[in-house]
Amino acid sequence: MSEDIVKQEESLFEAPPMAEQERMCEAILFATAEPVTVKEIEARMPHGCDAAEALVYLRKRYEGRGVSVVKVGDAWAMRTASDLGFLMQKETVEIRKLSRAAIETLAIIAYHQPVTRAEIEEIRGVSVSRGTVDQLLEMEWIRFGRRKMTPGRPVTFVVTQGFLDHFGLENARDLPGLKELRSAGLLDNRPPPGSMPQLGEGDEDAGEETQEGQSELFED
């Protein structure tokens, strides 16, 4: 095969200019409600495109605008700028209100993941009802993680990409610290776990707790 023919074949697969790749990424993110990964984006683009590089340029181009290009876990999405969230309040419908027990359980999983149910109960100082865990699973804010290599091989829980997306986080390391939570009034100065009430002493979901074993609840 001559050199001219080889060059001709290579030109058939020449990637579009980076500016055009940015436009393609922008179109894909704009039309997709859920975050999409680089691999999924590249699968829709012409051969030879570099979606990862295009997304970096696109993210920079949207800085300071009403819409931001954000990374959610290992995926990307277009979201309303965080400081303009108040404009969307009238369009937000609250489907379900989390109980205090669910909020505490979710927070423990987010800050201590991967964490087992027994570890959650140890941190809270009270039992965690099956209904609380089921609610968080149904909302797809938590999911099952790997089983721990300890007696009984208990299952662990971790937060999902949906949780990160809902709270505008790239990963769990972006969660606010205790100081920020207290200054925002989202965390009170509660006593340490060892001095918290035990089962039946005021926990709102303690009465829901069943005697079923963890192995029954978390079958493979």
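1. Glu26 is partly exposed, with a relative accessible area of 22%, where buried means under 20% relative accessible area, exposed means over 50%, and partly exposed covers what falls in between (1.4 Å probe, protein chains only). Please keep in mind that this is a predicted model, in which local features need pLDDT of at least 70 and side-chain atom pairs count only at pLDDT 80 or more, while totals for chains, interfaces and linings use all residues. Residues are numbered from 1 along each chain as its sequence is written, and side-chain values use heavy atoms, with hydrogens and water left out.

2. Glu26 also takes part in a salt bridge with Arg61, in which the closest N and O atoms are 3.7 Å apart; the term salt bridge stands for a side-chain nitrogen of Lys or Arg within 4 Å of a carboxyl oxygen of Asp or Glu. This pair links distant parts of the chain, since Arg61 belongs to helix α4 and Glu26 to helix α2, 35 residues apart. Helices (H or I, at least four residues) and strands (E, at least two) are DSSP runs, numbered from the N terminus.

3. Arg61 has a further salt bridge, formed with Glu22, and here the closest N and O atoms are 3.1 Å apart. Glu22 lies in helix α2 (residues 18-31) and Arg61 in helix α4 (residues 51-61), so the pair ties together parts that are 39 residues apart in sequence. Glu22 counts as buried at 12% relative accessibility, whereas Arg61 is partly exposed, with a relative accessible area of 37%.

4. A search of the whole structure finds 9 salt bridges, and one of them joins Arg124 to Glu104, with the closest N and O atoms 3.0 Å apart. Arg124 sits in helix α6 (residues 117-124) and Glu104 in helix α5 (residues 100-112), so that this pair, too, links distant parts of the chain, 20 residues apart. Arg124 is buried, with a relative accessible area of 4%, and Glu104 counts as buried at 13%. Salt bridges that share partners join Glu22, Glu26 and Arg61 into one network.

5. Turning to the strands, an open sheet of 3 strands has the order β1-β3-β2, with antiparallel pairing, and two strands are said to pair if DSSP finds at least two bridges between them. The edge strands are β1 (36-37) and β2 (67-72), each of which pairs on one side only. Strand β3 (residues 75-80) runs antiparallel to β2 and is joined to it by 6 bridges, and Val72 has Ala75 in β3 as its bridge partner. Helix α2 lies across β1, β2 and β3, running at about 70° to β3; axes are lines fitted to C-alpha atoms, for helices over the stretch in contact, and angles run from 0 to 180 degrees between N-to-C directions.

6. Another open sheet of 3 strands has the order β4-β6-β5, again with antiparallel pairing. Strands β4 (115-116) and β5 (142-144) stand at the edges, each with a single partner strand, so one side of each is left without a neighbour in the sheet. β5 pairs with β6 (residues 156-159) in the antiparallel sense over 3 bridges, and the bridge partner of Arg143 in β6 is Val158. Helix α7 (residues 130-138) packs on the sheet, touching β5 and β6, and its direction makes about 105° with that of β5; contact means heavy atoms within 4.5 Å.
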